[in-house]
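Visitor: I would like to learn how to read side-chain features in a model. Please take them one at a time.

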Amino acid sequence: MRVVSTVEKVFGMEELLKNVPSKHTTDNLGRELRSLKDNQEELNRKLSDFDRQGFTSGGDTRRGNTDPSSTVFSKLSGGLEALKKQISNLEKQAAIQDIRLAELDLRFQILETASYNGILIWKIMDFARRKNDAVSGRTYSLFSQPFYTGRFGYKMCGRVYLNGDGMGKGTHLSLFFVVMKGEHDALMPWPFQQNIQMGLLDQQDGSSPVSDSFRPDTSSSSFQRPTTDMNTAILK
């Protein structure tokens, strides 16, 4: 089972790596941006020199002649504007690359913790602070990382209200099961009919976990094939 899980993670990482910008591409983008900024500084310096020397646009229109300094000044100004546009475009590309890398990094983190055997072990860190956030209304609920019944199986997650929800608000912790929209839903039978077991364990006092299991209500929209990112969460 451990070998299969490792192979599945490697397979998923290979898929993600197809979308990672190569180091060569990123380095080239950085070098091009630095070169353009150097050119911009050089043009700014030349324009400043022209200003200090008292050159202005215009020319001897009475004789039909054009002042050479005016022509050079105009070319420098036009070149500077073109450079500014190029730099702006490259900065936008660099920002997009940064966003893509951040998104891929997050997906790698999710992939690292994803389970493909239908079991989710969800450890809620900094529980006391998060519980206070729930009581104060700053954060109503938390979602777990996705987990799967198999590499090409159903996609699911957990949702918890640390200060309770509905009739349990203010007195209980409410734990929900959520069917998510997955990459391979077209291959799966619907509605979702897998047996569901949920449990809670207090790690401090080592008490026995509180658990319950149930079969899905196949008439509920919560277990139909998702048409949005996730179905309505279901509580036993």
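This is a predicted model: local features need pLDDT of at least 70, side-chain atom pairs count only at pLDDT 80 or more; totals for chains, interfaces and linings use all residues.

Guide: Start with burial: a residue is buried under 20% relative accessible area, exposed over 50%, and partly exposed in between, with a 1.4 Å probe and protein chains only.

Visitor: How many aromatic pairs does a search of the whole structure find?

Guide: A pair of aromatic rings is described by the distance of the centres and the angle of the planes. Rings of Phe, Tyr and Trp (its six-membered ring) pair if their centres lie within 6.5 Å; planes under 30 degrees apart count as stacked, over 60 as edge-to-face, and the rest as tilted. The search finds seven such pairs. One of them joins Tyr161 and Phe176, edge-to-face, with 5.4 Å centre to centre and 65° between the planes. Tyr161 lies in strand S3 (residues 155–161) and Phe176 in strand S4, so the pair ties together parts that are 15 residues apart in sequence. Helices (H or I, at least four residues) and strands (E, at least two) are DSSP runs, numbered from the N terminus.

Visitor: Are the planes of Phe177 and Phe192 stacked, tilted or edge-to-face, and why?

Guide: The ring centres of Phe177 and Phe192 are 5.6 Å apart and the planes are at 40°, so this pair is tilted. Phe177 lies in strand S4 and Phe192 in the loop between S4 and S5, so parts 15 residues apart in sequence are tied together. Phe177 and Phe192 are buried. Both also belong to a cluster linked by ring pairs, together with Tyr154, Trp190 and Phe223.

Visitor: Which residues are linked in a network of salt bridges?

Guide: Side chains of opposite charge can pair when their charged atoms come close. The rule for a salt bridge is a side-chain nitrogen of Lys or Arg within 4 Å of a carboxyl oxygen of Asp or Glu. This rule gives three salt bridges, and the network links Asp126, Arg129, Asp133 and Arg138. Between Asp126 and Arg129 the closest N and O atoms are 2.5 Å apart. Arg129 also meets Asp133, at 3.1 Å from N to O; these two are four residues apart in helix H4 (residues 127–136), so about one helical turn separates them. Asp133 in turn bridges to Arg138 at 2.7 Å.

Visitor: Which of these are buried, and which exposed?

Guide: Asp133 is buried at 11% relative accessible area, whereas Arg138 is exposed at 62%. Asp126 is partly exposed at 44%, as is Arg129 at 41%.

Visitor: Which residues does Asn195 touch?

Guide: Contact means heavy atoms within 4.5 Å. Not counting residues up to four places away in sequence, Asn195 touches Ser213, Phe214 and Arg215. The C-alpha atoms of Asn195 and Arg215 are 4.9 Å apart, although 20 residues separate the two along the chain. Asn195 is in the loop between strand S4 (174–180) and strand S5 (196–200).

Technical notes. Residues are numbered from 1 along each chain as its sequence is written. Side-chain values use heavy atoms; hydrogens and water are left out.
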